[in-house]
Amino acid sequence: MRSLGVDVGSTNVKAVLVDLPDGDAPVCVVRRAAAPTPDGGAALIRTALALVADVAGDDDVVAVGVASMAETGVPLDEDDAPVGDLLRWDPHRAADQARALAATLGASALFRETGVRPGGKAPLATWAYLREREPARWSRMRRWAGAADLVALALTGRLVTDHTLAGRTMAYRLPAPGGALEPAFDAELLAAVGLRPEQLPEVALPGELAGRARAGGPVPAGTPVVVAGHDHPVGTWAAGMRAPGDVADSLGTAEAVVRVLGARPDPDAVAAAGMSLVRTVGGEDEALVAGSSSAGALVAWWQERHGGGEDLDALLASAAALPRTPASPLVLPYLRGRQTPAPDPGATVRLLGAPADRVAHAAALLDGLALQARWMLTEQARLAGDPAGDPAGTDPAGDVVVLGAAGRDAWLAAKAAAGPARLRRVLEDEPVAAGAALLAAHRAGLAPPRTLQTGPVAGTPAPTYDALYDRFVTAALEGAP
């Protein structure tokens, strides 16, 4: 039995075909394809459908799942055709509108109702921006589709989203702990920007399909299609991190640390730390999400400016092997401000110290990324109620599972040394696309909830990084609001 998964990412669209053997045999990706994520909404549809056709081939695909980056979408006209380019997640474009919404509706009230800290990348602020700054485009918008929703619409003819994507919009109410998920976007919140619930996708709850494939598409008519959800939670679920205390570190263009909760922390403290409250993919538990936009994007930025034309993997491998001291140079890794901890939209990339050469500079980059992740993990654990700030909780077997780390051995080595917890890695190169395929088969009632294989990451936390961590946090907080 084979299921197909799509991941619409910030940089690339990926599609995989996953074999789901009977019994305890591991799941296996048997075919994969990828292409750069286009700017245009119509181009995204063409790209995604071509990738689905490519990986489906002549196989009997039993289900299709689509995951995507959050806070990204496009207006649709009366014919459900995309109007212009995707409006990608951006903390700055709609910052003024976010501040106005916070002033009108109350920043604390918005967070308590939605789990989303008012900010420029929230779609509720983006819709206010469209209405104010792009009235011609706004007037043509009959409906709105998120990135994954748009692909599912092309496959099925139905506009549907998942609760994990709806939960990133600031227009979907977070239920009380233990309460049922809402089946629709919130009319009162939408009214604040001049929209109605019928202009947004239907919200599929856990276990529900987006629809079935239409005739003439890249998979047989009638094939179940699922909007799997927000990429980081989907990868977390696929890695088996599904119970309270489980922690996943999802790497891509951006980075997200997701911790499944046993009890809800103080929402005001979560908001002050710049983190989000969400429901997990399965809908039963809440989770804390800590995000950084400066992950893979920073590595690419650094290579353009400082790589010197050398092979990046070889350079980073040399950097990872370089001995560290408490005074080693560090990079503060903030391309687009800092989301968490201590939110600072004005934070920028800074170099602490004077690297002797490009290898030392690359080591400072790796350490800055690893220490930013340690900071997120430590503050997240504190908010979750662990007095020791141990991101793996009190369970001695509780490792942090890293996903999306294909080809990033040097980065993983720095993360393992920086600590503060042991690491395991998902062995599949495309865990989100594979997770979307697993979720699709499960939600279609064709397979139990399967898990991707993981393996240990070599290395343990190094004491030198305690001093580096103190230097990093002190410098990061200088000048923070």
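Author: With pockets. A pocket is an open set of grid points with protein on both sides within 12 Å along at least five of seven lines. The model here is predicted, and its largest pocket holds about 1000 Å³ of space.

Reader: Which residues lie nearest the centre of the largest pocket?

Author: L251, G252, T253, A254 and R408 do, out of 50 residues that line the pocket. Among the elements, helix α11 (residues 296–306) gives the most to this lining, with five residues.

Reader: How does the lining of the largest pocket divide by class?

Author: Into 21 nonpolar, 17 polar and twelve charged residues.

Reader: What volume does the second largest pocket have, and what lines that pocket?

Author: The volume of the second largest pocket is about 690 Å³. Its lining has 33 residues, and P91, R117, P118, G119 and G120 are the closest to the centre. At least two lining residues come from each of α2 (95–105), α3 (107–114) and α10 (267–272); α2 gives the most, with four. By class, the lining comprises 14 nonpolar, ten polar and nine charged residues.

Reader: How is a cavity to be read, and how many of 30 Å³ or more are found?

Author: In a cavity, a 1.4 Å probe fits but cannot get out. A search of the whole structure gives four cavities of 30 Å³ or more. Two or more lining residues come from each of α4 (123–133), β6 (143–146), α6 (147–156) and α7 (163–166). The classes are eleven nonpolar, five polar and two charged.

Reader: Which elements supply at least two residues to the lining of the second largest cavity?

Author: α7 and β13 (276–279) do, and β13 gives the most, with three residues. Six of the lining residues are nonpolar, four polar and two charged.

Reader: What can be said about the chain as a whole?

Author: The secondary structure comes to 16 helices and 19 strands. The radius of gyration is 21 Å, close to the 23 Å that the globule rule gives for 481 residues, so the protein is as compact as a globular protein of that length. Along the principal axes, the C-alpha atoms fill a box of roughly 60 × 55 × 45 Å.

Reader: What share of the residues is buried, and what share of the contacts joins residues 24 or more positions apart?

Author: Buried residues make up 58% of the 481. Of the contacts with a separation of 6 or more, 72% are between residues 24 or more positions apart.

Notes: Residues numbered from 1 in each chain as written. Predicted model: local features only at pLDDT ≥ 70, side-chain atom pairs only at ≥ 80, totals over all residues. Heavy atoms only, no water. 1 Å grid on protein atoms, 1.4 Å probe; cavity = no way out; pocket = protein on both sides within 12 Å on 5 of 7 lines; lining within 4 Å. Points joined across faces, edges and corners; volume = space filled by probe spheres on them. Nonpolar A, V, L, I, M, F, W, Y, C, P; charged D, E, K, R; others polar. Rg over C-alpha atoms; globule rule 2.2 N^0.38 Å. Buried < 20%, exposed > 50% of the residue type's maximum accessible area, 1.4 Å probe, protein only. Contact = heavy atoms within 4.5 Å.
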